[in-house]
Structure formats: C-alpha cells, structure tokens
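Welcome, and thanks for taking a look at this one with us. Please open the sequence and the model side by side before reading on.

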Amino acid sequence: MAPQERSAPRRRNPRGQGQLLKAQLVDAAAKLLATLDQPETLTLRQVAREVGVAPASIYSHFPDLSALIQHVLRLRYEELARLMDEAARSAPDPLADLVARCAAYVRWGVGQPGHYRTLFGGRMPDDLVPGSAHGAGAEPLEAVVVSLAAVTDDQATAERQWQAGLLLWTGLHGLVSLYNDHGNMPWPPLDDLITDLISLHTARPAAEIALLLPPCGDDPGSAGTSSPSSGL
C-alpha cells in the first residue's frame, strides 16, 4: 500500500487486548520496512495509518519510532537464528551442520529480500537505529564461526577462527545481496553457488558438499517467514 493511501477505519480492540494492537503495529512496521522504496523514511504516522489507528495509540507500546524498529530487528534476527538452528538440528557431522546453516541463511535471504534488506541493508540513520540494535545478529554469525572451525582447523586461534567465519559470512551476504539486487543476471543455480562458496572456505570438494545440501522443500530456511509478532 502506498504511504499516501488511507487505511480503512480500524475497529477498536476490546479491553485487555493491548498485546494484539502491539502485534499489529510490529507487523505493520515490518511490512513497511520491507516494502518501502526508502525504508529509512518510515514514520510512526505511516505505521499508524497501516494499522488504522491514531499515531498516539503507538505510544502505549513503544516510546518512539526507534524502539519500534529495534523491536522488529530483534524479532527478525531471532527468526533467522532459529531457522538456521532448525536446519542444522539433525546434521550428522560438522560439515553437514555448516552446509545446513549456510543454505538456510541464503535461502531465507533470497526468499525474503525485503526483510533481509531490513536487517542488512544498512540504510537506517544511526540516530534511529544505533549499532547496538544489531546485537541480536551476532548469534547467527557466531554459529557459523563455530561450525566452520569444527570443519577446518580447530587448532587455530580464536581470532583466526573469527576471521575465517566472518569472511564466510561476508561471502554469504554478498551472494544474497547481489542475487536480490541483480536478479536479471544469468545466475547459475543458487544451490550451486552455495556449494561452491562453502567449498572455497572449507577446502572440501564441491561434490561432497552438494550431497549434504538440504532439499529446498525440507530446509526451514526456504520456508516463508513467520510473522514478526510471533516473538511477542
């Protein structure tokens, strides 16, 4: 819905259902952040219009726009971390664990480009979204660092393990971002790109990795994103 369009009048929630309104506000903010051409221009008035309430109603749940956006970010990061953990839950060995996590990350990012941009687009001004708001994003990255270290050189220093994991995450992020932004390019199959990227960072044969790649239909990372309000 275009920001200038007016939503239909919203029926007031019955007494005691304030959490329902909070969930609706979070859902609306998440939707707008994912779909606006310039998400950094989001306002509380737009969120209120999307839900069909007066802007003043928001202050009962969030003190300002920054708090609302940071809440959305936290829930999205938690969702991504959960999907990666679920994908790797039945992994029989460290390499399978790493492959499952990386595949879940890439498939979620490509399947939900707007929500991926919300987390990793870097377009929000610092006074609205401080760096600390992305602290929840450390969990998926740390999981990749640990998983990669288990596959490669577990005798490396913690600093070297961190750097190796960070470089792998950089590759995964670049793949998702470029795939989303330049979808008209003649890209190879996405699973082939995931396989080759992991192969480069693990020095393991691509054929071995390809055998461990979860089918898209069975991988939680390929599923549609859950409602951000589910973490309320």
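The report below goes from the overall fold to the core, and then to individual helices and residues.

## Overall picture

Please keep in mind that this is a predicted model. The protein chain holds 9 helices and 0 strands, so from the N terminus on its elements read α-α-α-α-α-α-α-α-α. Of its 232 residues, 42% count as buried.

How much of the contact in the chain comes from residues 24 or more positions apart? Among contacts with a separation of 6 or more, such pairs account for 70%. The accessible surface of the protein chain comes to about 12,000 Å², and carbon and sulfur atoms hold 53% of that area.

## The nonpolar core

The largest nonpolar core has 59 residues. Those with the most contacts inside it are Leu42, Val47, Ile69, Leu98, Tyr105, Val106 and Leu168. At least two residues of this core come from each of α1 (18–35), α2 (44–51), α3, α4 (94–111), α5 (113–120), α6 (138–151), α7 (158–181) and α8 (190–202). Which helix gives the largest share of this core? That is α3, with 12 residues.

Ile69, named above among the residues with the most contacts inside the core, touches Leu33, Leu42, Leu128 and Val129 once residues up to four places away in sequence are set aside.

Helix α3 spans residues 65–88, and Leu75 lies in it. Is Leu75 buried or exposed? Its relative accessible area is 5%, and because buried means under 20%, Leu75 counts as buried. The C-alpha atoms of Leu75 and Val26 are separated by 9.5 Å, although the two residues are 49 residues apart along the chain.

The axes of α3 and α6 are 8 Å apart, and the two helices pack at an angle of about 25 degrees. Angles under 35 degrees count as roughly parallel, which is why α3 is described as roughly parallel to α6. On the α3 side, the contact is made by Tyr77, Ala81, Met84 and Asp85; α6 brings Glu139, Pro140 and Val144. Sorted by type, the residues of this contact are 5 nonpolar, no polar and 2 charged.

## Helix α2

Helix α2 is mostly covered, with 6 of its 8 residues buried. Those buried residues are Leu44, Gln46, Val47, Ala48, Glu50 and Val51. Gly52 follows α2 and has a positive phi, near 95 degrees.

Thr195 has its place in helix α8. With a relative accessibility of 5%, Thr195 counts as buried because the cut-off is under 20%. Which residues is Thr195 in contact with, leaving aside its neighbours within four places in sequence? They are Ala206, Ile209, Ala210 and Leu213.

Ala203 is found in the loop between α8 and α9 (206–212). Its phi is positive, about 60 degrees, although Ala203 is not a glycine. Ala203 has a relative accessible area of 72%, and since exposed means over 50%, this residue counts as exposed.

How values were computed: Residues are numbered from 1 along each chain as its sequence is written. This is a predicted model: local features need pLDDT of at least 70, side-chain atom pairs count only at pLDDT 80 or more; totals for chains, interfaces and linings use all residues. Side-chain values use heavy atoms; hydrogens and water are left out. Helices (H or I, at least four residues) and strands (E, at least two) are DSSP runs, numbered from the N terminus. Buried means under 20% relative accessible area, exposed over 50%, partly exposed in between (1.4 Å probe, protein chains only). Contact means heavy atoms within 4.5 Å. Accessible areas come from the Shrake-Rupley method with a 1.4 Å probe; for residues, only the protein chains shown count as cover. A nonpolar core is a set of buried Ala, Val, Leu, Ile, Met, Phe, Trp, Tyr and Cys residues joined through side-chain atoms within 4.5 Å. Axes are lines fitted to C-alpha atoms, for helices over the stretch in contact, and angles run from 0 to 180 degrees between N-to-C directions. Angles under 35 degrees count as roughly parallel, over 145 as roughly antiparallel, 65 to 115 as roughly perpendicular and the rest as oblique. Ala, Val, Leu, Ile, Met, Phe, Trp, Tyr, Cys and Pro count as nonpolar, Asp, Glu, Lys and Arg as charged, and the others, Gly among them, as polar.
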